[in-house]
Amino acid sequence: MAKDQSYLFDEPPPSRDTTARIVSGTSPDTSGDIGTEPAPFRPLAVRMRPRTISEIVGQEHLVGEGCLLPRLVATDSFGSILLYGPPGCGKTTIAEVIANETRSHCIRLNAVLSNVAELREILAYARRNPQRRTLLFIDEIHRFNKAQQDLLLPDVEQGNVRLIGATTHNPGFYIIPPLVSRSHLFRLEPLPEEAIARLLKRALEDGERGLGSRQCVADVKVLADLARLCGGDLRRALNSLETLVLGLQVGQPLTQADVEIFARERRIRYDADEDEHYDTISAFIKSVRGSDPDAALYWMAKMLLGGEDPRFIARRLVILASEDIGLADSRGLQIAVSAFQAVDMVGLPEAEYALAHATVFLATCPKSNTAGMALHKAKAHIQEYGVQSVPKSLRDTGGNVSKAMGHGKGYLYSHDYPEAISGQEYMERPIQFFHPGSNGAEGAIAERLAHWRARKAAMPNS
C-alpha cells in the first residue's frame, strides 16, 4: 500500500500544528503508517490489531459473510458510520481496517483532546480537497459537546468528509439526533471468551508482531481463564498477557498460578452512571421479578464489585417490593425498607448481608402487580373521563359552613355494622379498578373482597 494512503492512524491525535501542516498541503509524516509493521515497543494490543476485515473475530454479526458492513467497505460506498460498544471490542480496529481497505485519506481525532478550532481547520481542508475523500475518525465522539457535533453536520451531509465515530455510550443519549440520522449505526458486542482465548494463543505464537520471541507457552485452560477475567475486553486481555509474559524469564511457561496472582489485582469493568449501570440494574430487577434468586445475586454481586452505590440498589428493591410483589406478600416492603435503612446505618461491606437478605426474600416471594395496575387504571380513567365530585356524605364536616352545607350528612360509620361493612358507596359512580389475583396472600384478599361484595349487595343500604 502506498505511503500516502493511510494517514495518521498510528500517530498521536492531531494537534494544532499537525492540522496546520495538513491544511498547508505539505506531505504528512507517514512513518507510522498502518501499512508498515508496528514498532516492537508499542503495546501488544496495537501490534496485534487486524489489518483486514477477514482478520476481525468476535463481531460476526457485523463483519460475517453476507453482512452489510463488509459489502459497504468492499464497494467503498459507505457514508458516515457510528460504532457503539464497550471498551476493547474493536471499534478503533474496524475504523482502521476500513481506512486501510478503502485506501482513504484518513485523519484521526480524539474528542477528549480536540477543540472547535482544530475541527474547523480539518473540515475546511476536506472542502478544499474534494478529490481526496477524507475519512475523519473521531474516537470517543460522545465527548464532543452539542456545538462541536453541530459543526460536523454540514460537511457530513454534503459528503465533504466521511465520519466514523466511536463511542462507548448509547448514541441515543449522547449523539445529537441529526448526526445519528445521517449515519449507519453499528453495535459491537463484548468479545466471546473463546475468541479472546484464540487471539491470546495467536499472540503468544506470533514471532513478528506478538510475543513469539519470548518462547512462552500456556495451557488452553490458562488462556481461557485469562480471557474470562477480562470480561470481553480484548485490549485488556492482550495487555494483561503481555504484562504476565514480560514478567517471566524467556522460555518460562505461563501457569495457572501466574493468572491467579494477576486476578487478585483485577477489578471488573463497570461504568457507574453509564450503559453498564443501567443494563445491570435492569437485569437485576428483572431477575428478582422473575423469581430467580441466583441470577439476582449474580447481578447484584457485579454491581457491588464494580463500586455501585448500595443505596441505589436498596432504593430499587423498595420500589420492586410494591410494584412486583405487593399484596401477594406485604412483608416484602417491610424487608426492603429495612434493608435500605440497614445500608444507611451500617454501611459497606456489612450492609451487603442485608441487601442479599432482601434480594433473596423478594426473589422467592409470590408475585403480584395488581395494586400498581389498579392505580394506573384509576389514573387513566380520570384522564379520560374527568374527576367525579366527592359525595356530600363523605365530605369533611369541619366548621359551621361545611355542616350548614350538609357535608357528612348520610355517612354510615363502618364500625357500627357487622364486619365493618355498611353497604355505603364511596363514589358517585362506582368503578372497580382492583382485581386481585390468587398468588400468595392475595388469594385470601380476593376471597374476602368477594364475601364483602356479596354482603353489600344483600344490604338495604346498597
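Visitor: What makes the crossing of H15 and H18 right-handed or left-handed?
Guide: H15 passes H18 in a right-handed crossing, a term used if the near helix is turned clockwise from the far one by less than a right angle, whereas anticlockwise counts as left-handed. This is a predicted model, in which local features need pLDDT of at least 70 and side-chain atom pairs count only at pLDDT 80 or more, while totals for chains, interfaces and linings use all residues. Residues are numbered from 1 along each chain as its sequence is written, and side-chain values use heavy atoms, with hydrogens and water left out.

Visitor: Why is H15 called roughly antiparallel to H18?
Guide: The axes of H15 (residues 293–305) and H18 (residues 351–363), lines fitted to C-alpha atoms over the stretch in contact, come within 9 Å and cross at roughly 150 degrees. Angles over 145 degrees count as roughly antiparallel, and therefore H15 is roughly antiparallel to H18.

Visitor: Which residues of H15 meet H18?
Guide: Pro293, Ala296, Leu297, Met300 and Leu304 of H15 meet residues of H18 including Leu355, Ala356 and Val360, where contact means heavy atoms within 4.5 Å.

Visitor: What makes the pair of tyrosine 298 and tryptophan 299 edge-to-face?
Guide: The structure holds 1 aromatic pair. The rings of tyrosine 298 and tryptophan 299 lie 5.0 Å apart, centre to centre, with 80 degrees between the planes; centres within 6.5 Å make a pair, and planes over 60 degrees apart count as edge-to-face.

Visitor: Why does tyrosine 298 count as exposed?
Guide: Its relative accessibility is 55%, and exposed means over 50%, buried under 20% and partly exposed in between (1.4 Å probe, protein chains only), so tyrosine 298 is exposed, whereas tryptophan 299, at 26%, is partly exposed.

Terms used: Axes fitted to C-alpha atoms, helices over the stretch in contact; angles between N-to-C directions. Helix = DSSP H or I, 4+ residues; strand = E, 2+ residues; numbered from the N terminus. Parallel < 35°, antiparallel > 145°, perpendicular 65-115°, else oblique. Phe/Tyr/Trp six-rings, centres within 6.5 Å; stacked < 30°, edge-to-face > 60°.
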